[in-house]
Amino acid sequence: MNFLIPKSKLSSFLITLLLVIGFSSVTGTAAIRIGSLVDVTGGTSDVGRDYAFGIGEAIHYINDKGGINGKKVKLYQFDYGYRIPEALAKYKLLKRLKVVAVLGWESNDTNALSSIISQDKIPYLSAFHAAHLTNPGKNPFNLFAATDYSTNARAAITAWFDKNWSKHPDFGKRKPRFVASYEFGHLYCSAPIRAIKDQARILGFEIGPDQHVDLSAIDNKMQVLAMKDFKTDLVWHGNTTLSVSATLRDAYALELGANHIVNSWGFDENLPRLAGKAAEGVIGVTTNAFFGDDVPMMDTVVEFAKKYSSGVPIEKRLIWSIRAWANVLALWEAMKRADKAGDLTGPGILKKGFETFNGHDIGLRVPPLNYTATDHRIAGKVTIYEIKDAKFQVLEVVDLKNRWPDKWAKEWLGW
Amino acid sequence: MKKKSIFRGIWAVAIAIFLAGCAGMMSRPTEKNFKDPVITLKHVEVHKYWGWWYFSAKVTPSKGKAGNYGAPLALAFIFKINNPNKFAIMMEEMKFTVGFDEFDLDTVILQESVWVPAKKTTELRAISVFDGRSALLSLMMTGGYRLKEKEWSSWHALETFWIGIPDFSFPVHVRQGTAVFSADKIVRGVPFSATFE
């Protein structure tokens, strides 16, 4: 047993080394916590599910890339079923978990929590892109990596005016006629109406009576007949894909003869599938690329979708996961900057993170991001698409900021 | 003598630790040797049940605020997770969509870590909770065309599901399931699906 007895300094050193190797463990730094509120059971679950998966996949990506300057991110994701009381309850849970930021969802949770997150000074990135959230004077901690609904609506009607009306036989002879079709009283649907009508007046439209269409409606013939009475040239669709597709089908069947522009949550890969021939020529807005488009970062998105949601056929993935990635990538950059500045707090993420962005490019055809202390509109350029042969093609990139600089700077912020 | 005994003991422990480390290296996970775990659905239970009822916002409740309220329903999905590997694996997350007949009503997302020892099977109980109101909105907002094809109203669908579930009188599907496993630096997403009827 003499070999067990260390006889020299070298032996002692080797024992010490072996002990260190045997008993050492990597003492990892605590993870940085981010919260996520999603709807995978309620009225927005069809799109919420894809969005929720996108968040999870994007968080895996940022952890693979070193997290926040070497520190891992831990995601706490909860379904709130589109119920406001549950959104409030889950937010309280996230606070107890000491999250530094929240990835929220749509109008219900974002609106219900807006004053609370301002008080708590927690950055809240939502998929609800209402213009009133872009005014830091009123909602400093609400942000999103997307152009807002009002900017999008102005850009969409402008693109139709530029590209379609100019070729119309009545161009120059009369005013084009415009009607808005949406669910009255719903926050998302009604958010851009004031702005789009303002833009319609600027461009010289005649505006007809709004048509109420329920978000769940699949028979909208009465509304289409009313549009026909007005002889509308252009219809704005402010709803989500199901009822938009139904209105398009009824418009096609009743030979309305108008063009159609659609807001961002009604313009996804399912629209041409549901509306069929009625979708041909429909114009719409998105704030990022469609799933699988050939754009920077899309290969990564697809790779992570296949790896972390392998049970979902890749052909069923939708644009909503890209929307989620956009918010996560923007938050990631903001947190890295704040952390480098030694201030990974809510106000730090806002001031030393987001509000230092100056054309930060995250790929995925999201406009380069800009946030200032007085303006959280990320960009004045919006890409407008048209459906041709059931595929989405770019129709025009409308630069509202350069085209109407005074109005952009002095009038349009926040509505 | 005492000093020699102490050194002898420390040396023995150090060698034992070193050898244990070497033994671990012989069954280390690699991309090549990592076999996908197998996830099967053992059964589904009605975890909690309140029967079927719905109150619209026009009804004044005995207590609390008026609103649109539908009966909750909680289901338990009992899964078996088999680890065919010679090393332990950790399930980092699991998610799946719950379908009643052809309608998706919930997506369960589990984010707690679950270890499965080498060559063993772990059982896991995943709870899905949803209610009549959220299901109504989900059916109306997404299932409109399919309900029309079946000549069902949303209410008929809800009654069929809530009243029929204790007997499992319609198929309950686990759709688009993914479980993410890791072992050392290897991470693998494993798809799964099942039907219980």
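Student: How many helices and strands does the secondary structure of chain A come to?
Tutor: This is a predicted model, in which local features need pLDDT of at least 70, side-chain atom pairs count only at pLDDT 80 or more, and totals for chains, interfaces and linings use all residues. Residues are numbered from 1 along each chain as its sequence is written, with chains lettered from A and ligands numbered from 1 in the order in which they are written. Helices (H or I, at least four residues) and strands (E, at least two) are DSSP runs, numbered from the N terminus. For chain A this gives 15 helices and 15 strands.

Student: Which residues of chain A have a pLDDT below 50?
Tutor: pLDDT is the predictor's confidence in each residue, from 0 to 100. Its mean over chain A is 94, and 93% of the residues reach 70 or more. One stretch of chain A falls below 50, and beyond near neighbours in sequence it has four contacts in the model (C-beta atoms, placed from the backbone, within 7 Å): residues 22-27.

Student: What is the strand order in the open sheet of five strands in chain A?
Tutor: Two strands pair if DSSP finds at least two bridges between them. In chain A, β1 (residues 32-38) and β3 (residues 101-103) pair in the parallel sense over three bridges, with A:Gly35 opposite A:Val102. The edge strands, each pairing on one side only, are β2 and β5 (142-143) of chain A. With parallel pairing, the order in chain A is β2-β1-β3-β4-β5.

Student: At what angle does α2(A) run to β2(A)?
Tutor: The helix α2(A) lies across β1, β2 and β3 of chain A. Axes are lines fitted to C-alpha atoms, for helices over the stretch in contact, and angles run from 0 to 180 degrees between N-to-C directions. Relative to β2(A), the angle of α2(A) is about 170 degrees.

Student: How many residues of chain B are in contact with chain A?
Tutor: On the chain A side, α1 (9-23), α2 (45-64), β2 (73-79) and α11 (298-308) each supply at least two residues. In chain A, 30 residues take part, and the number in chain B is 35.

Student: Is A:Arg403 buried, partly exposed or exposed?
Tutor: A:Arg403 sits in helix α14 (residues 400-403) of chain A. A residue is buried if 20 or more other C-beta atoms, placed from the backbone, lie within 10 Å of its own, exposed if 12 or fewer, and in between otherwise. A:Arg403 has 14 C-beta neighbours inside 10 Å, so this residue counts as partly exposed.

Terms used:
Contact = placed C-beta atoms within 7 Å.
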